[in-house]
Amino acid sequence: MPTDETPGGAPRRPTLAVWKFASCDGCQLTLLDCEDELLGIAEKVDISHFLEASSATAPGPYDLSLVEGSVTTPRDVERIRHVRAVSRRLVTIGACATAGGVQALRNYADVAEFQAVVYARPDYVAALATSTPIAAHVPVDFELRGCPIDRGQLLEVITAHLAGRTPGVPRHSVCFECKQRGTTCVTVAHGTPCLGPVTHAGCGALCPTMGRGCYGCFGPSDSTNLPAFVPLLRRDGMDTLDVVRVLRTFNTAAEEFDAASRDEEELR
Amino acid sequence: MTHRGSRVLHVGSLSRVEGESALRLNLIGDRVTHARLAIYEPPRFFEALLRGRSYTEPPDITSRICGICPVAYQLSACRAVEDACGVVVDGQLAALRRLLYCGEWIESQTLHIHLLHAPDFLGRDSAIDLARTHRSDVERGLRLKQAGNTILELLGGRAIHPVNVRLGGFHRVPTVAELRPLAETLLRARDDAAQTVRWVAGFEFPDAECDHDLLALSEPGTYAIESGTPTVMPAPRTAGPRPDGNRAPPTRTFALPTFGDHVVEHQVPHSTALHSRLDGRRHLTGSLARYAISGRWLSPLALQAALDAGLADPRQAAVCRNPFRSIIVRAVEVLYAVDEALRLIASYEPPLRPAVPVPPRPGTGHGATEAPRGLLYHRYTLDARGTVTDAVLVPPTAQNQGAIEEDLRRQVQDRLDAGDPTDAALTALCERVIRNHDPCISCSAHFLDLTVDRAGPAR
């Protein structure tokens with residue numbers, strides 16, 4: 001951690017900022033969900049800009065910016081550049097900020113038609129044709145996955161930043177987490193289609209533990225082989241439309257999921 | 001300082017609300033002509049992107065509308081799709097859904113009370129700031145919030161966007177033994193919730209009234225949460241002269257499938273949220289409406305706490321219409337939700353299967369539940385294969401927008417009539433008036449910029 005000093009010579013606490021783009025607020029809420037740690041965190045860092053939690057905002061630059069949400073409006077294209085300019089480290093939190101979010105389904109549709117479905121006067125609403133991850137616009141120092149992010153991983157990112165080290169966030173698949181927990185494989189035992197083999201770890205294998213196949217809300221892991229994996233989904237009963245749908249949900253704009261869903265669509 | 005001339009007041013973003021919005025006040029002299037809540041949260045087009053999805057997907061997809069009330073979305077969606085498919089989920093599965101919803105009420109209402117709203121009453125910027133002077137109160141709030149999250153995590157897998165909800169019930173239901181430690185956590189939480197009611201009842205409340213029609217679900221015998229019939233309590237101004245303005249006028253109900261005939265959405269240029277009106281009139285959903293309409297069905301413990309806190313007695317048809325006191329109603333609802341969760345756990349018997357089958361069929365279904373912020377309505381139309389062909393979502397904050405704007409107009413006017421407030425005082429007032437209704441901006445499409453246009457001569 002850079003040990004800046006205030007003009008008086010006392011060590012300065014690092015500053016934290018939280019920013020929202022197109023999102024549901026769930027990932028920034030995860031910070032407020034750290035009930036046991038929140039007051040402790042506030043002693044270690046100055047929470048300088050966090051509109052959902054505080055009406056006091058201090059001007060930047062900020063040591064650590066957490067960015068939630070995807071870029072979907074012309075105004076936000078400008079705003080993310082400003083956030084980058086005032087942030088030493090920029091960490092994206094969640095599926096919207098790292099992979100476009102569910103709102104990236106518009107990337108496959110005609111946004112004018114989408115607007116017309118929802119709004120009687122689409123001309124009142126400024127929206128881009130696509131929903132894009134933060135990294136498509138500015139350099140990002142670390143991406144935290146999940147829809148929503150995991151509380152433990154968020155604490156790890158903040159702690160690692162304070163300690164000046166790389167966050168220990170494994171990038172392997174959900175399958176590892178099932179094995180660690182001792183959860184029976186839902187595919188092997190019940191033939192349930194499951195995205196676990198291609199999905200980034202972090203949730204603790206929640207869905208398989210509930211007897212449900214993983215639906216990929218943490219996005220692709222670091223070692224996916226979708227062309228080999230998709231036939232397994234078919235074997236377990238999914239048709240082409242099912243496969244397209246499950247790949248195009250909360251991490252729609254993740255490269256691996258996007259490419260595989262386009263391949264599938266060509267088959268239709 | 002004089003404010004008699006023409007001028008513009010512009011305030012940055014409104015904080016301690018969920019989402020992004022702005023406020024524009026138009027003043028001519030010392031008269032408020034317009035108060036507009038401008039929601040600029042980027043639109044995400046959920047109603048459009050749901051088209052073409054499988055009928056099994058709306059619970060998970062719509063939960064992503066709001067990280068603060070995902071269960072409300074999941075369960076309104078389940079009810080609507082199940083209605084379209086002609087399936088009723090009852091018995092212990094319905095009880096488990098109510099238990100899950102109690103978790104969200106405890107978490108979300110406690111978040112608003114302690115982290116977003118209480119700082120207004122105690123002159124602080126945030127709960128973290130508040131903790132410097134009221135540490136034990138903030139810690140109690142965090143503990144209570146955590147108890148709500150414990151229910152969500154146990155039943156749903158996680159607190160934000162739970163994974164265990166499905167059409168027809170759940171993927172997995174808990175054993176009796178799994179719920180036992182939860183009951184122990186909730187016994188402590190019940191003491192914390194009762195203390196919270198006493199804490200907020202001691203705040204200072206400005207005199208204020210609102211004359212909106214009130215809309216909430218009702219279900220005789222219970223405080224409606226996860227099901228009920230839309231019920232309207234008209235504003236006193238329309239109910240004719242009464243000796244006591246705080247007496248509840250008679251209520252009326254309408255069938256859920258006619259929701260769209262009664263609550264009509266329209267778009268306004270200043271907002272990406274659609275406004276709506278109830279039978280052509282301004283209405284309010286949420287805690288004040290629920291307490292007025294369902295308050296007599298609170299548990300004895302919650303009702304006694306409400307009366308001890310100085311709230312009107314709903315059994316005597318008395319109504320609390322002071323939006324600032326909504327924080328007390330929320331605290332009572334948290335106490336109720338803890339009490340109710342304990343009751344549900346005590347009478348829990350694991351159902352034979354975790355979900356009832358919900359086969360698709362063509363048709364339209366309607367679902368409504370009481371999100372922490374108010375009535376949330378979903379409607380889906382399915383084709384024979386179970387593909388969603390049309391979706392309509394009417395969130396509480398979009399419904400409340402008109403009422404919030406009227407509260408703003410009225411409160412600012414009262415303040416102007418009482419003296420010559422500074423722009424800073426007006427801004428603080430406006431933010432409080434908005435937070436009274438715990439708006440969920442991401443839901444309604446959409447943080448606050450305040451612009452005051454002061455124009456024209458003094459009257």
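Okay, let's start at one cysteine. Setting aside anything up to four places away in sequence, B:Cys69 is in contact with B:Glu104, B:Ser108, B:Ala371, B:Pro372, B:Arg373 and B:Cys440. Bear in mind throughout that this is a predicted model.

Keep B:Cys440 from that list in mind. In UniProt, an unreviewed entry has a "binding site" annotation that covers B:Cys66, B:Cys69 and B:Cys440. Why can we say these gather at one spot? They span 375 residues in sequence, but no two of their C-alpha atoms are more than 8.9 Å apart, so one spot it is.

Buried or exposed, then, for B:Cys66? It counts as buried, because it has 31 C-beta neighbours inside 10 Å. B:Cys69 also counts as buried, with 28 C-beta neighbours inside 10 Å.

Staying in chain B, let's go to a histidine. B:His366 lies in strand S12, residues 363-371. With 20 other C-beta atoms within 10 Å, B:His366 is buried; the cut-off for buried is 20 or more, so that count just qualifies. Which residues does B:His366 touch, not counting those up to four places away in sequence? They are B:Ala80, B:Asp83, B:Leu256, B:Pro257, B:Phe259 and B:Arg379. For a sense of distance, the C-alpha atoms of B:His366 and B:Leu23 are separated by 33 Å, and the two residues are 343 apart along the chain.

Next, a sheet in chain B. Four strands, in the order S8-S7-S6-S11, form an open sheet with mixed pairing. Its edge strands are strand S8 (252-253) and S11 of chain B, each pairing on one side only. What packs on this sheet? Helix H9 of chain B, residues 287-294, does, touching strand S6 (213-218), S7 and S11, and its direction makes about 65° with that of S6(B). Looking at one pair of strands, S7 of chain B (residues 229-233) and S8(B) run antiparallel, paired over 2 bridges. In that pair, B:Val232 stands opposite B:Arg252 in S8(B).

Now for how the two chains meet. On this count, 49 residues of chain B are in contact with 48 residues of chain A. On the chain B side, the elements that give two or more residues are helix H1 (46-49), H2, helix H4 (91-121), helix H5 (127-130) and helix H6 (135-156). H6(B) provides the largest share of that side, 5 residues. How does the chain B side divide by residue type? You get 20 nonpolar, 15 polar and 14 charged.

Over to chain A. It is divided into domain 1 (15-163) and domain 2 (174-267), with the C-alpha centres of those two domains 25 Å apart. Between them, 17 residues of domain 1 of chain A are in contact with 13 residues of domain 2 of chain A. Helix H4 of chain A, residues 95-99, gives the most to the domain 1 side, with 3 residues. That side of domain 1 of chain A divides into 7 nonpolar, 8 polar and 2 charged.

Last stop, backbone geometry, for anyone who likes checking torsions. Most residues other than glycine have a negative phi, and most peptide bonds are trans. Against that background, the peptide bond from A:Gly60 to A:Pro61 is cis, with omega near 0°. A:Pro61 is found in the loop between strand S2 (46-50) and strand S3 (62-68) of chain A. Another cis peptide bond joins A:Cys147 and A:Pro148, where omega is about 5°. A:Pro148 has its place in the loop between strand S5 (142-144) and helix H6 (151-163) of chain A.

B:Asp279 lies in the loop between strand S10 (275-278) and strand S11 (283-284) of chain B, and it is partly exposed, with 15 other C-beta atoms within 10 Å. B:Ala317 has a positive phi too, near 60°. Its loop runs between helix H10 (300-308) and helix H11 (326-346) of chain B, and with 17 other C-beta atoms within 10 Å, B:Ala317 is partly exposed.

Conventions:
Residues numbered from 1 in each chain as written. Chains lettered and ligands numbered in written order. Predicted model: local features only at pLDDT ≥ 70, side-chain atom pairs only at ≥ 80, totals over all residues. Domains from an automatic or database assignment. Contact = placed C-beta atoms within 7 Å. Nonpolar A, V, L, I, M, F, W, Y, C, P; charged D, E, K, R; others polar. UniProt positions renumbered as here; feature names shortened; annotations may be inferred. Buried ≥ 20, exposed ≤ 12 C-beta atoms within 10 Å, placed from the backbone. Pairing = 2+ DSSP bridges. Axes fitted to C-alpha atoms, helices over the stretch in contact; angles between N-to-C directions.
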